[in-house]
Amino acid sequence: MAKKDSKEPTFNLNLSYGLDAEQKLVKPALIFVEPAKAEDRRYYRLYYGAENSLRNLPVGDIILHVVKDDSTAYSLAVTLKSNGLNYLKLDGFQWNQRSPHAAVAYKMIRDETVANRVLNPLRDSILYEQQGHGQVLKINKAEFIAKRNNSSSVRILVYDGDAPVIGAAVKNMGTKQQYFSNFDGSIELDLTDEKTVQLQISAIGYTPADIKVSVGKDYFVELKAQDNQLDEVVVMGVTTQKRVSMTGSVQTISLNASQSLQGKVSGILIRGINSTDAGAKPLILVDGVVFEGDLTSFDPAIIASVNTVKDQSMIALYGARAANGVIMVQTRTGTVAAVQPNVSMPYLESGNTMRVNFHDDAFWKPKLKTDAAGKASFETTYPDDITNWRTIFIAKGVKDFADTKELNIKAFKAVSAHLATPRFAIRGDRFAAIGRIVNYLGDSLDVIRTIYNGLDSIKTNLKIAKSYRDPIAVRSEKGDSLQLSYVIGLSNGYFDGEKRSIPIFEKGLEQHQGDFKVLNGTEEYQLKTSSELGEITVHAEANSWEFIQREIAHIDAYKFLCNEQLASKLSALLSKKALTKLLGKPFEEEKKILDLLKELQKNKNTVGGWGWWNKSETVSWISNYVVSVLLDAEDAGYRTGLTRRLYIEREEESLKRSLASLDVLWNKDKLNMAKEGLFNSLMFLKRLDPKSDYKHYFLAIDGKLKSKSTKDILLKYLLMAKLGIADAHAADTVLKYASKTILGGMYWTSGGVSDKNERIFLNPTETHTENTLLAYAVLKTIGGHESDLELIRNYFFAQKQRGNWSNIYESSRIIRSILPDLLKEGETFQAPVAIVNDKRITAFPYTQKFAPTEQIRVRKEGTGPLFLTAYQNFWNANPALEKNKGLTVSTRFKDANGPVTTLKEGKPVKIEVTVLLSGEAEYIQLEVPIPAGCTYESKSPGYYRNEAHREHFKDRVVIFCPKLNKGAHTFEIELLPRYTGVYTVNPAKAELMYFPDFYGNEKMNEIVVE
């Protein structure tokens, strides 16, 4: 393969594949890139089929040959543009059943003239020897003679046996001009100005041939393999090659200590260790182990063979130390035990380590910058995985010019031990982990193998060839994790192994039960607990701001991050900053606010709105909520990137269109939520532009539409208060629709004016909390209703039955509304005191554990409320089937033939999840545990009609659905069973994210992998 001058333009091509004419997926074995022009044929390229990124092609006019493993091919002429990236998708084409280019490609594979080697599993499936399978490339002298069409040219056919020699160099000894034979071994020269010419024909691995040629004649030149190209196999790291395929020299030497090597190996410097610079020494491997001593110290009787290699591929495998060649010594026993005691025998440089650090990703460097020379560098330490690391570089320059490069970095050991285990286990699981020994040294090897399965250590002497596989019986019974190890050792002290820690998860579901109380007066309260559950934790906070800070911490720790949740986190942190300022304390989470602002800006979609996840389609209430929180951030002094005028114009135009459409409707009374929608739009417009007067819009909406719900009435009076429209009866009207709890908390229901509400599941913006927040805002804006506001705050605190409010959207908005009224500048409190079972508590926050049977009585002294929580956590190891709270969930395993009750190792399966809803619901979360013996066959991004997003954790998949109708809905998770055994599958669960009281779960399950 020839290379062009580095200063000449290069061409890049990205390939993708669809279906061929027979509707089968295109899976090439080889990709053969042939320059279209004859004079460029020496710049051919050959790739393995899994390579779809063809970089630095030397010519732009090419013929692309896609070759299958049955020697059929498809050819296409392509013109590429330089200095960029070209894209080509191949589909819908017909394969050529007898393609000469397929034969050419496979011959080059056999001759090891592959231009680019890529490390991928497909490589092992390529049929290097094509005898009896497809076509074999052979010369045909009669056909060669018959093809002459120029009587004045010189035509030469270069061959070896009955096969053409591709890319043979033909040099004119007079002019020194050089040509190359084509893919059929032929070359045609125009020598009209010369009668006879002396040519030299050469090829890698062959003895050069010198011939004289005359114009108008055909010549057949058979090249002979060089004498030192022995037809046997040499092992080079991970690649087994024929001698004839080596691009350098390989020699086998009969060894009588190192003197026999001196001067006998071309290109490799071999002298006594003290007579040469250490940097110029060849690399010596004895039974695969780096040897730093003197070869004269070896007893020749223990040496089975010596191979010397001078080749670029050795540098790729062993690094710069192989630049001066490699001497590979194999002893007769497979070890160096018989080496004289005074011989220095250090271990492999990367050996003698117990590998414990395993990751799927090696490094992530997102902010590298080039220096003045255009270079960037960094240092990194790779994980312990012995694997092929796919490394991708992405560069972006001025004017948004961008490019990508990719390379493969292979971690390698000549002898290694590997341990494959599940990523987790459920207590009681019984399974077989896999130990594997890999030997690239060629000869068999004596090793000591040690297995630790978490209970017992087993040591065995083994004699292995190329590889050895150990099933390891494991039970996950004790402790919170399993510690497994698999180690091998050689008699020379070399060892290698892996140790893996597997977390053990419990069977069942974690559940909790609790009580919450806000004590404003001095009466005694007995906390509601159960003597049948675990120990009781009592937590008391005497200051409102402490309680709020705890809730903010809960919001900040929430692990799922849709756009609404990002905005809720930002709102909570803005509240926390305001609170710390009032308390005179430092705010230490500025970076979190800036990161959330950046993330929300990144997730803004193309029309400037926000959907549920990432850059999804705009959802009106979520988008308006995000903008409102960003406006709060602007009020707090942050830059958000919002263009207010854009949103103002868009919202006002939408409002005008909606009002105009009302004039042409003959029955507006049937528009149940129209008034609410228009009032919300006007509220949003007023928030965007608080200085403008929008009374005319309010009057138009209120005049054209009747109030249909409590929310319509609350929005009406809130707008009137904000727009300065006086109404002496506004507060009384709002309070008329209030409800009270037994303890005196005040709230507003989400029902209609008629108090009839037939909806089973609610939207997060259609709740008691939503209406109560509106009423709070109305009464606060009107003023003079502090006692009513206190009752509303007590209602919010009373709803905190499980330690937190229903969801972080609700929590952040409650905090934002009531926080300014909980702690005012200049306000002082009397020292609060809690009396718990007759014990006075003066230091807060207060946390104490109690026995499950103990009754806990609490009363309060001092001013201000006392916030009191009692909860009992317990793990239900065998939860009952729950199907009476709105949702029912069930799972089953299935393969291509239908449902299965037993899984097969290595055979893909799916978990089919069915969720049955008793009514329409929004924002549903599914948690589906997987068996520990399975991994993900694929991690589907969730491109289903009803699915917005999914997260793949090691032990479960969490699926998010924006809306599901009444009835059954099915989801699938693709798994690959990898480890045989008996596994517990914890119950799958479905719940409403914003209303977790509506949920369903199945019972425990067990599955066998055979």
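User: Where is the place of Pro58?
Analyst: This is a predicted model. In it, Pro58 sits in the loop between β4 (53–57) and β5 (61–67).

User: Pro58, buried or exposed?
Analyst: Pro58 counts as buried, because its relative accessibility is 6% and the cut-off for buried is under 20%.

User: How far apart are the C-alpha atoms of Pro58 and Arg45?
Analyst: They are separated by 9.1 Å. Along the chain, Pro58 and Arg45 are 13 residues apart.

User: Which loop holds Gln23?
Analyst: The loop between β1 (11–17) and β2 (30–35). Gln23 counts as exposed there, because its relative accessibility is 57% and exposed means over 50%.

User: And what about the phi of Asn614?
Analyst: Asn614 has a positive phi too, about 50°, and is not a glycine. Asn614 lies in the loop between α6 (590–602) and α7 (620–635).

User: What is the relative accessible area of Asn614?
Analyst: It is 43%, so Asn614 is partly exposed.

User: Helices now. At what angle do α9 and α10 cross?
Analyst: Roughly 175°. The axes of α9 (residues 674–688) and α10 (residues 695–704) come within 10 Å.

User: Parallel or antiparallel, then?
Analyst: Roughly antiparallel. Angles over 145 degrees count that way, so α9 and α10 qualify.

User: Which residues in α9 and α10 meet?
Analyst: From α9, Lys675, Leu678, Phe679, Leu682 and Leu685. From α10, Tyr697, Phe698, Ile701 and Asp702.

User: Zooming out. How many helices and strands are in the chain?
Analyst: The chain has 15 helices and 58 strands.

User: What percentage of the residues is buried?
Analyst: Of the 1010 residues in the chain, 47% are buried.

User: And which share of the contacts comes from residues 24 or more positions apart?
Analyst: Such residues account for 67% of the chain's contacts with a separation of 6 or more.

Conventions:
Residues numbered from 1 in each chain as written. Predicted model: local features only at pLDDT ≥ 70, side-chain atom pairs only at ≥ 80, totals over all residues. Heavy atoms only, no water. Helix = DSSP H or I, 4+ residues; strand = E, 2+ residues; numbered from the N terminus. Buried < 20%, exposed > 50% of the residue type's maximum accessible area, 1.4 Å probe, protein only. Contact = heavy atoms within 4.5 Å. Axes fitted to C-alpha atoms, helices over the stretch in contact; angles between N-to-C directions. Parallel < 35°, antiparallel > 145°, perpendicular 65-115°, else oblique.
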